[in-house]
Amino acid sequence: MSMKATLRQVDSVIVIDMSGRITLGEGCTQLRELVREQLGKGKRQLLLNLADITYIDSSGIGELVSAFTAVSNQGGQLKLLNLTKKVHDLLQITKLYTVFDIHDDEAKAIGAFEKAAGA
Amino acid sequence: MSPPPNMTAEASVIEVELASDLKNVEVAEQIARRVSGIVGFSEDDQHKIDMAVHESVINAIWHGNKNDPSKHVWLRFQMYSDRLEIRIRDQGNGYDPSKLPDPLADENLLNVSGRGIFLIRTFMDEFRVEGVAGGGTDVVLVKRLNCNNPAQSRRNEP
């Protein structure tokens with residue numbers, strides 16, 4: 001099963017609801033293209049909802065880092081929402097838990113963007 | 001290149017030969033998960049073993065066999081009462097894992113790649129890279145059953 005993603009806009013934030021696998025190959029490529037496409041449209045506030053991500057590997061973690069860097073380099077923000085235990089554990093093991101801004105409540109995550117944007 | 005010489009049929013051994021195709025990574029994962037379940041590992045450990053095999057097979061296909069579809073990857077799962085040993089063989093020249101950069105170092109934290117071997121080491125009790133006489137590389141992974149886990153130790157009772 002590969003990765004699926006649906007996009008919706010809440011205020012100024014693009015929420016990307018992702019499901020399936022973010023692994024080397026299709027899943028990573030899809031994520032890269034999604035982020036590139038949004039940045040190309042001038043959307044620089046992205047919230048990745050990982051609630052239904054069933055599997056992520058080292059390449060998938062790298063793709064999240066790449067997305068984070070790409071958005072940050074354009075003056076935007078990328079945040080993560082609803083990590084499963086497996087993804088949470090992987091980000092802790094790899095010390096990336098402190099790099100990403102991680103939320104388990106969508107409204108609060110959106111609010112964090114608004115506050116940051118207005119600061 | 002021939003299969004590893006010790007790949008004989010034993011009740012405790014499962015051997016698989018895969019073409020160097022990333023589509024086969026999921027096949028390897030599924031076998032790893034099934035075998036680790038049979039040995040008696042917890043769901044959590046099954047996932048760790050599954051991920052270690054996933055990362056190892058990707059390395060074998062991508063780095064070892066250079067994504068050459070004419071090459072193969074061999075997996076050998078040896079099931080013991082107290083552990084699972086997994087050997088993953090490719091047709092590449094191998095590498096020295098001690099020379100890989102530390103993905104947890106501050107300067108490497110935002111690197112896009114370089115976490116696969118680290119995850120394998122974290123998830124397994126043993127990780128070795130061995131050259132194969134005549135060509136090829138074996139990656140050996142060992143995971144021991146945790147005797148402090150009642151669910152696991154019960155399965156080891158005679």
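Two residues are in contact here if their C-beta atoms, placed from the backbone, lie within 7 Å. Leaving aside neighbours within four places in sequence, A:Lys43 is in contact with A:Ile14 and A:Gln38. This is a predicted model, in which local features need pLDDT of at least 70 and side-chain atom pairs count only at pLDDT 80 or more, while totals for chains, interfaces and linings use all residues. Residues are numbered from 1 along each chain as its sequence is written, and chains are lettered from A and ligands numbered from 1 in the order in which they are written.

A:Lys43 lies in the loop between H1 and S3 of chain A; helices (H or I, at least four residues) and strands (E, at least two) are DSSP runs, numbered from the N terminus. A residue is buried if 20 or more other C-beta atoms lie within 10 Å of its own, exposed if 12 or fewer, and partly exposed in between. A:Lys43 has 18 C-beta neighbours inside 10 Å and therefore counts as partly exposed. In sequence, A:Lys43 and A:Ser12 are 31 residues apart; in space, their C-alpha atoms are 8.1 Å apart.

The sheet of chain A comes next. Five strands form an open sheet in the order S1-S2-S3-S4-S5 of chain A, with mixed pairing; two strands pair if DSSP finds at least two bridges between them. Strand S1 (4-10) and strand S5 (101-103) of chain A stand at the edges with a single partner strand each, so one side of each has no neighbour in the sheet. On average, neighbouring strands of this sheet are turned by 25 degrees against each other, direction ignored. For such values, axes are lines fitted to C-alpha atoms, for helices over the stretch in contact, and angles run from 0 to 180 degrees between N-to-C directions. Helix H1 (residues 26-40) of chain A packs on the sheet and touches S1, strand S2 (13-22) and S3 of chain A. The direction of H1(A) makes about 170 degrees with that of S2(A).

Within this sheet, strand S3 (residues 45-56) and strand S4 (residues 77-81) of chain A pair in the parallel sense over 5 bridges. A:Leu48 stands opposite A:Leu80 in S4(A), and A:Leu47 stands opposite A:Lys79 in S4(A). S4(A) is mostly covered, with 4 of its 5 residues buried. Beyond its neighbours within four places in sequence, A:Leu50 is in contact with A:Met18, A:Leu80, A:Leu81, A:Asn82, A:Leu83, A:Thr84 and A:Val87.

Chain B also has an open sheet of 5 strands, in the order S1-S2-S3-S5-S4, with antiparallel pairing. Its edge strands are strand S1 (13-19) and S4 of chain B, each of which pairs on one side only. Neighbouring strands here are turned by 15 degrees against each other on average, direction ignored. H2(B) packs on this sheet, touching strand S2 (72-79), S3 and S5 of chain B, and its direction makes about 15 degrees with that of S3(B). Strand S3 (residues 83-90) of chain B is joined to S5(B) by 8 bridges, and the two run antiparallel. One residue to look at is B:Glu85, whose bridge partner in S5(B) is B:Val142.

Two packed helices are described by the angle between their axes and the distance between the axes. Helix H1 (residues 24-39) and helix H2 (residues 43-64) of chain B pack at an angle of about 145 degrees, with their axes 8 Å apart. Residues that make this contact include B:Ala28 and B:Ala32 of H1(B) and B:Ile49 and B:Val53 of H2(B).

What covers helix H3 of chain B? The cover of its buried residues includes helix H2 (58-73) of chain A together with H2, strand S4 (126-131) and strand S5 (137-144) of chain B. Because 6 of the 8 residues of H3(B) are buried, this helix is largely enclosed by the rest of the structure. The buried residues are B:Gly116, B:Ile117, B:Phe118, B:Leu119, B:Ile120 and B:Phe123.

Between the chains, 16 residues of chain B are in contact with 14 residues of chain A. On the side of chain B that touches chain A, H2 and helix H3 (116-123) of chain B are the elements that give two or more residues. The largest share, 5 residues, comes from H2(B).

A nonpolar core is a set of buried Ala, Val, Leu, Ile, Met, Phe, Trp, Tyr and Cys residues joined through C-beta atoms within 7 Å. The largest such core has 65 residues, of which A:Leu46, A:Leu47, A:Leu48, A:Leu50, B:Ala52 and B:Val57 touch the most other members. H2(B) gives the largest share of this core, 8 residues.
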